[in-house]
Structures are given as C-alpha cells and as structure tokens.
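Here is a short note for a colleague who has not looked at this structure before. The points can be read alongside the structure shown below.

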Amino acid sequence: MAAATRARAGRRSSGPDPAVVGRVMRGLARAITGLEMPAVEKISESQAEDSFQVLIATALSARTQDATTLAASTRLFARAKTPKAMAALSVREIEKLIYPVSFYRNKARNVKACCEMLVDEFGGVVPGTMEELTSLPGVGRKTANLVLILAFQSRDNICVDTHVHRIANRLGWVVTKDPEETEQALYAATDRRWWASINLYLVTWGQNVCRPVYPRCGDCVIEDDCPKFGVTKRAMGYRATAVGGNR
Ligand code: SF4
C-alpha cells in the first residue's frame with residue numbers, strides 16, 4: 001500500500017492518525033533546522049519574547065512578506081520600544097516607519113489606537129488573555145494566539161495563518177474553508193503537545209517547500225505522510241488546484 005494511502009487509511013473519522021501527526025511534526029522539526037525563520041519568531045527570539053514587540057510585529061505581518069515585516073518592525077522599534085512611546089507618535093510618523101507593509105495606513109491607525117488602549121486601559125502592559133488581546137484595535141485571533149504562544153509561553157493555543165490553513169488541509173488533517181475554522185478543527189484533530197509548535201513548523205514549511213501555488217512535493221520530507229489534497233502532479237512539477245477544504 002502506498003504511504004499516502006496508508007496515511008489516509010490510518011485516519012480516524014474524527015481526525016488524522018495521531019502517529020502520522022507525530023511523524024510529520026517530528027520530521028518538520030528536523031527539516032526546518034537551518035531554514036529561515038518567520039519574521040515574528042525572529043523578533044521574538046531576538047527581543048527575549050518581548051510581548052509588546054511580538055504583538056506589534058504580528059499585527060504588521062498580515063498579508064506582508066516576511067522581509068518587509070522584519071525591516072518595518074525594526075525601524076518602528078528603533079523609534080519607539082514601549083506602548084507609551086509608540087502612542088506618542090503620530091499616525092503619519094508610524095505610516096512612514098512601517099511603509100511598505102500592506103495596508104500600512106490602516107495598520108498605522110491601528111498601531112496607534114492599540115498603544116493608546118494599552119496605556120489607558122492596561123497600564124502600558126500587554127494583557128495575557130485572548131479576550132483582552134482581541135479587544136485591542138487591529139488584533140484578531142491569529143495575532144492574539146501568537147502573542148500567547150511566543151510571549152506568554154502558552155501551550156493551549158494554535159496560531160493559524162494562511163500557511164497553516166493550507167498545509168493542514170493538504171495533509172488532510174482538517175477540511176476547512178478559512179483559518180478560523182482550521183484553528184478550531186486543529187484543536188480537535190491534534191494532540192495538545194503539538195499545538196504551540198504548529199505555527200512555526202507549518203509556516204516555515206509553507207514559506208520554503210509547501211508553497212501556495214507550486215508546492216515542492218518532490219523535495220518534501222513528509223511526502224510519504226501527505227495525501228496532497230488540492231495538489232496535482234503536472235509534467236513540470238506540482239501545482240495547487242484548490243486551497244482549503246475545496247477538494
Ligand atoms: S509539499 Fe507536497 S507533500 Fe509536502 S506537505 Fe505540501 S502538499 Fe504535502
């Protein structure tokens with residue numbers, strides 16, 4: 001029986017075979033060593049998990065290339081390192097510092113409003129609950145989950161962005177239409193021990209190998225455990241034919 005078929009056959013009706021999930025996660029842990037880390041992980045590591053910098057960098061990272069996020073965050077933090085200092089900047093100054101991240105005007109407004117709220121309502125300290133974090137302007141579940149994982153060392157959260165959403169569906173771990181649905185499905189489908197690592201492993205893999213349109217399945221260390229849902233082999237390589245749960 002082909003490995004991918006074995007993987008499918010091994011799936012429980014409620015989700016993937018835990019042994020397959022474990023094999024994939026351990027394989028990715030080894031394979032991502034030495035690869036470029038996502039920008040927010042780099043900032044978190046270099047800033048000793050500073051919750052404020054993780055929060056702002058994650059908010060800037062939405063729909064933006066990693067290199068752009070890293071450069072914009074570095075410029076912004078060089079100018080203001082605390083909520084109080086950043087709240088004192090004008091929206092125009094923040095716009096100039098974070099340009100060219102996508103939606104930089106919107107994000108600049110949100111960064112300022114977020115910093116003002118941190119100062120006014122949270123004593124200048126980033127709060128540590130999902131409810132409080134998502135009450136901040138421009139902060140959704142993805143950002144809140146990453147802050148809880150990286151800055152508060154939570155092991156109870158999964159941060160799902162487009163890479164995690166896409167790869168979890170290609171692997172057949174979930175059948176979902178958007179990242180929010182994927183997050184909830186992954187809590188049910190995977191063991192808690194993997195939750196905090198899912199973002200780092202799948203985002204790094206998604207940026208380097210399991211790319212959105214042309215995944216490099218031939219170079220992929222987890223190919224034997226991947227049914228490649230939504231991916232088709234063509235003469236010149238592999239190509240995505242669906243994203244998310246549209247098999
Ligand atoms: S690159 Fe291909 S084999 Fe690897 S996880 Fe993505 S779809 Fe599966």
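1. The model is predicted. At the start of helix α2, a side-chain oxygen of D17 comes to within 2.9 Å of the backbone nitrogen of A19.

2. Helix α2 covers residues 18-31, 14 residues in total, and spans 20 Å from its first C-alpha to its last, close to the 20 Å expected at 1.5 Å a residue. Its buried residues are V20, V21, G22, V24, M25, G27 and L28. These buried residues pack against α13 (192-208).

3. The largest nonpolar core has 40 residues, and L55, I56, L76, M86, I98, L133 and L136 have the most contacts inside it. Among the elements that give two or more residues to this core are α3 (39-46), α4 (51-61) and α5 (66-79). The largest share, seven residues, is from α8.

4. Neighbours within four places in sequence aside, M86 is in contact with F52, I56, L76, F77, A80, I94, V111 and C115. A second, separate core has 29 residues, including V24, L28, V174 and C220.

5. T190 is in the loop between α12 (179-189) and α13. Is T190 buried or exposed? T190 counts as buried because its relative accessibility is 7%, and buried means under 20%.

6. The side chain of T190 reaches the backbone oxygen of L186 at 2.7 Å. The side chains of T190 and W195 are joined by a polar contact of 3.1 Å. Leaving aside neighbours within four places in sequence, T190 is in contact with V21, I158, W173, W195 and I198.

Note on methods
Residues numbered from 1 in each chain as written. Predicted model: local features only at pLDDT ≥ 70, side-chain atom pairs only at ≥ 80, totals over all residues. Heavy atoms only, no water. Helix = DSSP H or I, 4+ residues; strand = E, 2+ residues; numbered from the N terminus. Expected span 1.5 Å × (residues − 1). Buried < 20%, exposed > 50% of the residue type's maximum accessible area, 1.4 Å probe, protein only. Contact = heavy atoms within 4.5 Å. Polar contact = N/O pair within 3.5 Å; in protein donor to acceptor, adjacent residues only side chain to side chain. Core = buried A, V, L, I, M, F, W, Y, C linked by side-chain atoms within 4.5 Å.
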